[in-house]
Amino acid sequence: MFQKIKFGGKQKMTFQSFLSGVPARDYIFQSAPYEEQMKEAAKAIEEAEYVLIGAGAGLSAAAGLTYGGKRFTDNFPEFIQKYGMTDMYSAGFYPFPSEEARWGYWSKHVYVNRIAPKALPLYQKLKELVNGKKYFVLTTNADHQFYKADFGDDKIFATQGDYGLIQCMSGCHAKTYDDIEMMNQMHQARKDCQIPSYMVPKCPVCGGPMNMNLRCDQHFVEDDAWHEAESRFGAFLDECQDKKTVLLELGVGFNTPTIIRFPFEKLTREKENMTLIRLNLDEAIVPESLGKRAIGINADMERSVSDIGNAILVKEKVKPDHSVNDGM
Ligand SMILES: [Zn+2]
C-alpha cells in the first residue's frame with residue numbers, strides 16, 4: 001500500500017487521497033509556554049487565506065456534550081437501572097433485546113445530543129475565529145453542531161453520519177431519512193425505556209430494520225448529500241493546497257486517527273504553505289519534524305479557542321491604523 005509522494009508538485013486532491021493511516025514516529029509535547037502558543041496560533045490564522053477545520057469528539061465534549069458523568073446519569077437514570085449502562089458511547093453498542101428497546105434508547109440519545117441542544121458557545125467562538133477566511137469543516141461528530149452554529153451547509157462534511165438521519169440497517173439502498181420528527185414522537189411515547197411497537201421504523205425498500213446513519217460497520221450509507229459534501233471537500237483541498245492554509249484540528253484523538261489526525265500531519269509534512277494547529281485536552285502531541293509549522297496546544301478548548309480569538313483581537317487593536325474614519 002505504498003504510494004509515491006510527489007514533493008512540490010500539484011496533484012488533484014480528493015477525500016480519498018487525503019486519508020492516511022500512517023502515524024508519526026516523532027511525537028512530542030511542545031515545551032513552548034501557553035501564552036506563546038496563543039500568539040503563534042493567532043498569527044498563523046491571521047496570515048492564512050484558508051482554514052480547514054478538522055473536528056473530533058473532543059470538541060463536542062469540551063463544548064458540553066459529554067457522553068459520561070453527570071450528564072449521562074442525569075439524563076439516563078432509567079436506562080442505567082435497567083441495563084447497567086455506564087456512558088452514552090458504549091450504550092450505543094448495547095445488545096438491545098428488541099427493536100422497541102433499541103429505538104427507546106436511540107430516541108433518547110438523539111434527543112439529548114442532537115435535538116435539544118442549541119448551538120453551543122464553543123462552536124460559536126470557533127465560527128468567529130474563521131470569519132473572513134475561506135474555510136471548510138471536516139468533522140466526525142454526528143451532533144450537527146457546525147450546522148447549528150451557522151458554518152454553512154455547503155462548508156461542512158460530516159463524514160461519519162448525523163444523528164438526524166436513519167438508513168436501512170443492511171444498507172440495501174443508498175438513501176437516508178430525516179428522523180427528527182420521528183425521534184421527537186418516540187421520545188414522548190417512550191415507557192420503561194421502550195417505544196410502542198407501531199413506531200418501530202422499517203426499511204421502505206426491503207422491509208428490514210432501520211438503523212442510525214452512523215459509520216459503525218460496512219453498511220453505512222453514503223447518500224447523495226454525503227457524496228456532494230465529499231466532492232466539495234475535495235475541491236476545497238485542491239484549491240488551498242498551494243495557498244497559505246491553517247489546518248485547525250480540535251479534539252481529535254486516537255480513536256479514528258486516519259480520518260483527520262494522520263491526514264493533517266501528512267498534509268503539513270508535504271505542503272510548506274500549511275500550518276497545523278492542534279487543540280486537544282491531553283493528546284496535543286505533534287510531530288517534532290514539523291517544527292514551527294505545528295502548534296500543539298494541550299489545554300481545555302473552551303479556554304484556548306477564546307484565548308486565540310482574544311490574541312487576534314489584541315493584535316488588531318494595536319495595528320498602526322491612521323485612517324480614523326474607515327467606517328468602523
Ligand atoms: Zn433495506
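This is a predicted model: local features need pLDDT of at least 70, side-chain atom pairs count only at pLDDT 80 or more; totals for chains, interfaces and linings use all residues.

Trainee: OK, how is the chain divided?

Mentor: Into domain 1, made of 15–61 + 119–160 + 223–318, and domain 2, made of 67–116 + 161–214. Their centres, taken over C-alpha atoms, are separated by 30 Å.

Trainee: And how many residues does each domain put into the contact?

Mentor: Domain 1 gives 6 residues and domain 2 gives 10 residues. On the domain 1 side, that's 2 nonpolar, 2 polar and 2 charged.

Trainee: Switching to the sheet: what's the strand order?

Mentor: It goes β4-β3-β2-β8-β9-β11, an open sheet of 6 strands with parallel pairing. On average, neighbouring strands are turned by 15° against each other, ignoring direction.

Trainee: Which strands stand at the edges?

Mentor: β4 (156–158) and β11 (294–298). Each has a single partner strand, so one side of each has no neighbour in the sheet.

Trainee: How many bridges join β3 to β4?

Mentor: There are 3 bridges between β4 and β3, the latter covering residues 134–139, and the two run parallel. One to look up is Thr139, whose bridge partner in β4 is Ala158.

Trainee: Which strands does helix α2 lie across?

Mentor: Helix α2 (residues 34–47) lies across β2, β8, β9 and β11. Against β11, α2 runs at about 130°.

Trainee: New topic: how do α7 and α10 cross?

Mentor: Their axes come within 9 Å and cross at roughly 115°, and the crossing is left-handed. α7 is residues 99–115 and α10 is residues 180–189.

Trainee: Which residues meet there?

Mentor: From α7, you have Trp103, Ser107, Lys108, Val110, Tyr111 and Ile115. They meet Ile180, Met183, Asn184, Met186 and His187 of α10. By class, that contact has 7 nonpolar, 3 polar and 1 charged residues.

Trainee: Last one, Glu265. Is that residue buried or exposed?

Mentor: Glu265 counts as buried, because its C-beta has 25 neighbours inside 10 Å and the cut-off for buried is 20 or more.

Trainee: Where does Glu265 lie, and what is Glu265 in contact with?

Mentor: Glu265 lies in helix α12, residues 261–270. Setting aside neighbours within four places in sequence, Glu265 is in contact with Ala24, Leu276 and Pro287.

Key:
Residues are numbered from 1 along each chain as its sequence is written. Helices (H or I, at least four residues) and strands (E, at least two) are DSSP runs, numbered from the N terminus. A residue is buried if 20 or more other C-beta atoms lie within 10 Å of its own, exposed if 12 or fewer, and partly exposed in between; C-beta atoms are placed from the backbone. Two residues are in contact if their C-beta atoms, placed from the backbone, lie within 7 Å. Axes are lines fitted to C-alpha atoms, for helices over the stretch in contact, and angles run from 0 to 180 degrees between N-to-C directions. A crossing is left-handed if the near helix is turned anticlockwise from the far one by less than a right angle, and right-handed if clockwise. Ala, Val, Leu, Ile, Met, Phe, Trp, Tyr, Cys and Pro count as nonpolar, Asp, Glu, Lys and Arg as charged, and the others, Gly among them, as polar. Domain bounds come from an automatic or database domain assignment. Two strands pair if DSSP finds at least two bridges between them.
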